[in-house]
Amino acid sequence: MPLNKNRELRDWQQKFIDAYAVSNAQKSLLVAAIGTGKSITALSAARKKIADGAVSNVIVVSDRRVLQEQWRQVGKELDLELAGSLSHLLTSHQQGAVITYQSLNNLNNLDLLKANAKEKSSLFIFDEVYRYLNKAEEISAEVTSLNKESLQKLALIWDTNYQ
């Protein structure tokens with residue numbers, strides 16, 4: 001699967017995407033070292049799930065705004081338009097959004113997330129989930145209570161021992 005002129009997927013990334021695309025697992029985990037391509041792998045998998053009709057959109061939850069922009073840039077490389085906020089996701093034709101864990105402390109943002117969950121099936125990508133495991137589980141439970149059939153979760157963790 002060519003991405004753009006500068007990037008191609010490694011074998012392990014393509015194997016993960018292929019296996020994930022046919023999986024119906026509600027929870028999945030992608031573990032890889034820093035800088036090895038977790039983001040592009042996760043968004044490539046999300047793009048495939050959207051193209052196959054398994055989910056309607058992708059919500060990436062990260063812990064810093066600078067990471068939001070990195071996720072959005074990778075999305076652009078994959079022709080996956082990601083809004084910078086939940087309000088833009090609900091009012092546009094974008095295929096997903098990138099938000100921070102902290103933004104969901106705002107009740108308005110949490111309400112927007114719930115509104116999306118009621119209307120659409122979503123794949124949630126929880127970046128660096130080990131730092132925010134309780135928050136990720138809280139978000140998952142809240143969304144799942146609104147639309148049990150439509151939530152899939154992919155957690156990303158870096159591992160310095162991964163090879």
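1. A cavity is a set of points, on a 1 Å grid over the protein atoms alone, where a 1.4 Å probe fits but cannot get out; lining residues have an atom within 4 Å of a point. Grid points are joined across faces, edges and corners, and a volume is the space filled by probe spheres set on the points. By this rule there is one cavity of 30 Å³ or more.

2. The model is predicted: local features need pLDDT of at least 70 and side-chain atom pairs pLDDT 80 or more, while totals for chains, interfaces and linings use all residues. Residues are numbered from 1 along each chain as its sequence is written, and side-chain values use heavy atoms, without hydrogens and water.

3. The largest cavity has a volume of about 30 Å³. Its lining consists of Arg-72, Lys-76, Leu-80, Glu-81 and Leu-82. Of these residues, two are nonpolar, none polar and three charged, where Leu counts as nonpolar and Glu, Lys and Arg as charged.

4. Leu-82, one of the lining residues, also stands opposite Gly-96 in β4. Strands here are DSSP runs (E, at least two residues), numbered from the N terminus, and two strands pair if DSSP finds at least two bridges between them. Strand β3 (residues 82-83) pairs with β4 in the parallel sense over two bridges.

5. Strand β2 (residues 57-62) also runs parallel to β4, joined to it by five bridges. Here Val-58 is the residue opposite Gly-96.

6. Five of the five residues of β4 (residues 96-100) are buried, so this strand is largely enclosed by the rest of the structure; buried means under 20% relative accessible area with a 1.4 Å probe, protein chains only. Gly-96, Val-98 and Thr-100 cover one side, and Ala-97 and Ile-99 lie on the other, all buried.

Notes. Buried < 20%, exposed > 50% of the residue type's maximum accessible area, 1.4 Å probe, protein only. Helix = DSSP H or I, 4+ residues; strand = E, 2+ residues; numbered from the N terminus. 1 Å grid on protein atoms, 1.4 Å probe; cavity = no way out; pocket = protein on both sides within 12 Å on 5 of 7 lines; lining within 4 Å.
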